[in-house]
Amino acid sequence: MEKHEFARFYKTHFERIYKFVYFRVGGRKEVAQDLTQDVFLKAFQAFDRYDPAISQSSWIYTIARNHVINHHAKTKPGVDLEEVEGSLSASVDMRETFAMNYEEKQLCEAMGKLPKEDADLVRMKYLEGWQFDELAEIIGKNSGALRVQARRAIKKLYEILKPTET
Amino acid sequence: MITSWNITRLLSRMSRRAAPDRAFDLALRHKLADAGYLPMRRFGSFAFPSWKTAGVSFSLALSLAGGTGVYAYTSNEVLPSHPLYGVRVALERAELDLPQSEQQRGNIRLKHLQRRVSEAGKLNARHLPVPKSHREELLANLAAVSAASQEESDVSDSASEQANESRELVNMDHQELSDLIDERQAADSDEDVRVIDDELSHQMERVNEDLKRMENDREAGER
């Protein structure tokens with residue numbers, strides 16, 4: 001990738017990467033900013049070695065994911081990213097820092113009841129803002145299949161959250 | 001009452017609240033530029049366009065179109081199913097083709113987009129179907145406004161927080177509307193279509209609110 005493409009690359013991925021980090025560090029803004037900055041510095045330092053066969057989204061996502069894992073390894077030894085991802089709904093940190101209202105807390109708890117693949121997809125699509133085409137590259141599935149999966153996951157959330165008829 | 005639309009809306013709201021600060025974005029851009037990773041670029045001052053020049057020229061074109069044209073262009077009753085709707089669309093295209101700056105064109109696109117949303121809202125209120133062509137045009141207009149607002153945002157580091165936020169909302173509206181329309185096309189049951197149509201209807205209301213907010217922010221910027 002040429003250097004003049006950096007600006008576009010940054011513009012496309014900045015917000016998603018920030019949100020990706022943000023939701024994985026318990027909504028702590030300063031930490032999310034520091035880690036996002038590190039991710040882009042790392043990405044740009046490695047730009048010369050970028051393999052165009054891999055999508056830009058997958059590439060930056062991998063860098064961000066590894067960086068967050070390293071951060072957690074340093075700050076909370078023994079905790080891996082899967083645990084961190086899975087604990088979004090139950091994260092006391094997140095609830096406090098994000099000042100969730102009742103509905104949002106319910107929703108996060110419901111997300112915790114979804115199969116992990118569905119919860120990850122909902123989080124990445126609706127909270128972090130990845131496009132289905134990008135998710136297809138990152139997750140390694142067809143974008144149409146992901147669209148259907150996301151729709152079904154939302155329906156599952158609805159089934160979990162809908163008021164029970166008495 | 002929780003609906004699947006509430007769920008996507010809640011998620012969108014959480015996503016918006018999690019968005020990075022504009023100040024952080026700018027600070028990081030400058031840091032990357034200083035490190036030589038991004039081209040050094042002086043972002044220009046944010047300039048809000050004026051409606052006046054384009055308005056005068058278009059008034060002239062409208063007067064040439066005659067009374068029918070004026071009615072087609074201005075009446076609230078000319079909806080997609082109306083015989084004069086085609087005249088309205090043609091006049092709007094002519095309005096966009098007039099010589100004018102990109103900023104003026106952007107404002108006109110915004111005005112047209114508000115009309116499409118308002119028309120779709122009126123059809124919904126009358127329990128009439130919103131034609132597919134209308135949805136597509138609405139989406140195309142929203143994409144154009146979203147792209148233009150992004151370009152403005154790219155060359156500006158002095159836009160107000162509100163202006164940036166309203167742009168972001170419109171960008172997000174475009175994405176959400178686009179997803180909903182794709183989902184509607186892919187829906188495989190009447191129940192899915194009904195749920196998605198409900199979501200589309202709510203989304204139209206939200207687009208309308210966000211566009212009004214964007215317009216207000218732009219007007220505030222002009223002052």
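**Exercise 1. The contact between the chains**

How many residues does the contact take from chain B, and how many from chain A?

*Solution.* The model is predicted, with local features requiring pLDDT of at least 70 and side-chain atom pairs counting only at pLDDT 80 or more, while totals for chains, interfaces and linings use all residues. Residues are numbered from 1 along each chain as its sequence is written, and chains are lettered from A and ligands numbered from 1 in the order in which they are written.

Step 1. Chain B contributes 23 residues and chain A 29 residues, two residues being in contact if their C-beta atoms, placed from the backbone, lie within 7 Å.

Step 2. On the side of chain B that touches chain A, the elements giving two or more residues are helix 1 (4-17), helix 2 (22-34) and helix 7 (161-186) of chain B. Helices are DSSP runs (H or I, at least four residues), numbered from the N terminus.

Step 3. Helix 1 of chain B gives the most to this side, with 8 residues.

Step 4. By class, the side of chain B that touches chain A has 15 nonpolar, 5 polar and 3 charged residues. Ala, Val, Leu, Ile, Met, Phe, Trp, Tyr, Cys and Pro count as nonpolar, Asp, Glu, Lys and Arg as charged, and the others, Gly among them, as polar.

**Exercise 2. Helix 1 of chain A**

Describe the span and the kink of helix 1 of chain A.

*Solution.* Step 1. Helix 1 of chain A (residues 6-24) has 19 residues and reaches 25 Å from its first C-alpha to its last, close to the expected 27 Å (1.5 Å times one less than its number of residues).

Step 1. A kink of about 45° is centred on His13(A); the bend is the angle between axes fitted to the seven residues ending at a residue and the seven starting there.

Step 2. Just after this helix, Gly26(A) has a positive phi of about 70°.
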